[in-house]
Amino acid sequence: MEAKWCMLLTIALMLLLVNGDDETSVKPVVKIVKGKKVCQKGWECKRFSKFCCNETISDYFQTYQFENLFAKRNTPVAHAVGFWDYHSFIAAAAEHQPDGFGTTGGKLTSMKEVAAFLGHVGSKTSCGYGVATGGPLAWGLCYNKELSPDSLYCDEYYKLTYPCAPGAAYYGRGALPLYWNYNYGKAGEALKVDLLNHPEYIEQNATLAFQAAIWRWMTPVKKNQPSAHDVFVGNWKPTKNDTLAKRVPGFGSTMNILYGDSVCGQGDSDSMNNIVSHYQYYLDLMGVGREEAGPHEVLTCSEQLAFNPSSSSSTS
């Protein structure tokens, strides 16, 4: 009898899980605004937007895929065990999906953008190395902060706009690590969190850490420049000067925007190839395939001139 009840309970739990999965695919609420179709789609896409008419990230990127991408993040030797998880990423992404993050274009473009963003994240938070168990690309999200900072990263030039808080240190934290007081200040203003006075919040809250990274992905470094999102999904049209500088839409230009000439214009450097390898690896694991990454001039920035020279804050 006890075995029978256990079997019935197991079946009931399986039905609940299946039904729960069905409910995650929310049908969009549709309306027409100024002759254009806009949608709202539950908590993950709660603002009316044309992008909410498309599939949202949880429709095509599931928990098991996140676990595959970051397979070693919770091993005992990792440095942020128990910090990063799928739900924190989706909760953070929900704030930007109405703006097109992971919801621009068809399913293929959307999946590629998520792989591209997470490729940057994985490469910047990895503790993998050549003979690491599972391979060097399996160790993304190993860190959530810089372990041995040699500076407080306080730039007194910004003492009037983004003054450093007493005792605060602005070393690298997060999924795309933030450095310097002015970057914490700008991110905090955008996210409506006092990161200037409390930079430690980034290493205490995984959703906030992902939010700061996605904000950086979606936000141009300067006015009249594209964001990493824009150059990746095709919102950006290169000017004649961009063409002369060999800047083209694609993954390569996302590295240019995020890291400038610390990575780009250096030929096939190890730092650039490491980021590219994470992106290709994630495309494979997500079932897209690395062949969708594009040719060398689109995938890399080896020959690109920087949008902003290294003297600018773009490389921070």
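Helix α6 is followed by Lys192, and the phi angle of Lys192 is positive, near 60°. Please keep in mind that we are looking at a predicted model.

Let us stay with α6, which covers residues 181-191. How many of its 11 residues are buried? Eight are, so the helix is largely enclosed by the rest of the structure. The buried residues are Asn181, Tyr182, Asn183, Tyr184, Gly185, Ala187, Gly188 and Leu191. Among the elements that cover them are α7, residues 201-204, and α8.

Two further residues have a positive phi without being glycine. One of them is Trp180, with a phi of about 75°. Trp180 is placed in the loop between α5 and α6. Lys34 sits in the loop between β1, residues 29-33, and β2, residues 36-41. Is Lys34 buried or exposed? With a relative accessible area of 84%, Lys34 is exposed.

The largest nonpolar core has 70 residues, and the members that touch the most others are Phe61, Phe89, Phe117 and Met255. Which helix gives this core its largest share? That is helix α8, residues 206-218, with 10 residues. Consider Phe117 in particular. Beyond its neighbours within four places in sequence, Phe117 is in contact with Phe89, Phe101, Leu176, Ala213, Ile214 and Trp217. Apart from this core lies another, made of six residues, including Ala78, Cys127, Ala132 and Ala138.

My last topic is a pair of helices. Helix α5, residues 107-124, packs against helix α12, residues 270-285, at an angle of about 135°, and their axes are 8 Å apart.

On the α5 side, the contact is made by Lys112, Ala115, Ala116, Leu118, Gly119, His120, Gly122, Ser123 and Lys124. On the α12 side, the residues are Asn274, Ile275, His278, Tyr279, Tyr282 and Leu283. Sorted by class, this contact between α5 and α12 holds seven nonpolar, six polar and two charged residues.

Notes. Residues numbered from 1 in each chain as written. Predicted model: local features only at pLDDT ≥ 70, side-chain atom pairs only at ≥ 80, totals over all residues. Heavy atoms only, no water. Core = buried A, V, L, I, M, F, W, Y, C linked by side-chain atoms within 4.5 Å. Buried < 20%, exposed > 50% of the residue type's maximum accessible area, 1.4 Å probe, protein only. Helix = DSSP H or I, 4+ residues; strand = E, 2+ residues; numbered from the N terminus. Contact = heavy atoms within 4.5 Å. Axes fitted to C-alpha atoms, helices over the stretch in contact; angles between N-to-C directions. Nonpolar A, V, L, I, M, F, W, Y, C, P; charged D, E, K, R; others polar.
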